[in-house]
Amino acid sequence: MDKFTKLTGVAAPLKITNVDTDMLIPKQYLKTIKRTGLGVGLFAELRYREDGSENPDFVLNKPAYRKASILVAGDNFGCGSSREHAPWALADFGVRCVISTSFADIFYNNCFKNGILPIVVSPEDLEKLMDDAERGANATLSIDLEAQEIRGPDGGVVTFGIDPFRKHCLLNGLDDIGLTLEKSSDIEAHERKIATRADWL
């Protein structure tokens, strides 16, 4: 998993509350267990018209936001089913951070396992960040995970909280497999110990 230390990128304003995982990645894209290639399906029912052409009114289709790496979104982001394809689709599109006032628990946990930083802020701070994001091409935010700060285009700073263990994992690029591999020497020592006690195994 890629490390998350600092991120400076375009922030797209997504003024929608209760964005569920079916909205993030519709069911027809769930036929794969690969983490790549799902970016095309991100917000598919909002990004595309019935004939397959792009919906020019959707924020991620607007020129200023096509390469957005940050989403500033409404309350209760990631609700609905527990599909891990949702953070996979975000990551494949290029989104590394989502900012909201609240997240559904399973989606929130899945983000950390896939190198995405979900940031919870107050309604007042979200309003400021949403205003920043609405500046189009000038909607650049800088996120410093170590300092736990979000800097706006005018230099304003919003601080955020995060669980220390999750912060450690993101800073070091550790998903569940990476955490296990950190203990590989201990695991090998344990296996050798077991082998001497029970050589019949």
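1. Helices (H or I, at least four residues) and strands (E, at least two) are DSSP runs, numbered from the N terminus. Just after helix 4, Gly115 takes a positive phi of about 75°.

2. A word on the source. This is a predicted model, in which local features need pLDDT of at least 70 and side-chain atom pairs count only at pLDDT 80 or more, while totals for chains, interfaces and linings use all residues. Residues are numbered from 1 along each chain as its sequence is written, and side-chain values use heavy atoms, with hydrogens and water left out.

3. Look at helix 4 itself, residues 105-113. Its buried residues are Phe107, Tyr108, Asn110, Cys111 and Phe112. Buried means under 20% relative accessible area; exposed is over 50%, and partly exposed lies in between (1.4 Å probe, protein chains only). These buried residues pack against helix 1 (21-24), helix 3, strand 4 (117-120) and helix 6. Contact here means heavy atoms within 4.5 Å.

4. Next, the aromatic rings. A pair of aromatic rings is described by the distance of the centres and the angle of the planes. Rings of Phe, Tyr and Trp (its six-membered ring) pair if their centres lie within 6.5 Å; planes under 30 degrees apart count as stacked, over 60 as edge-to-face and the rest as tilted. The whole structure holds six aromatic pairs. One of them, Phe103 with Phe107, is stacked, at 6.3 Å centre to centre and 15° between the planes. Phe103 and Tyr108 make a tilted pair, at 5.7 Å and 40°. Phe103 counts as buried because its relative accessible area is 10%. Tyr108 is buried too, with 17%. One aromatic cluster takes in Phe77, Phe103, Phe107, Tyr108 and Phe112.

5. Now Ala86, in helix 3 (residues 85-93). Its relative accessibility is 0%, so Ala86 counts as buried. Leaving aside neighbours within four places in sequence, Ala86 is in contact with Thr21, Leu24, Ile25 and Phe107. Leu38 is 48 residues from Ala86 in sequence, and their C-alpha atoms are 8.8 Å apart in space.

6. Last, check Asp175. This residue sits in the loop between helix 6 (164-172) and helix 7 (176-182). Asp175 is buried yet has no salt bridge. A salt bridge is a side-chain nitrogen of Lys or Arg within 4 Å of a carboxyl oxygen of Asp or Glu. Arg35 is the nearest side chain of opposite charge, 4.9 Å away. Lys and Arg count as positive, Asp and Glu as negative; His and the chain ends are not counted. Not counting residues up to four places away in sequence, Asp175 touches Met1 and Lys113.
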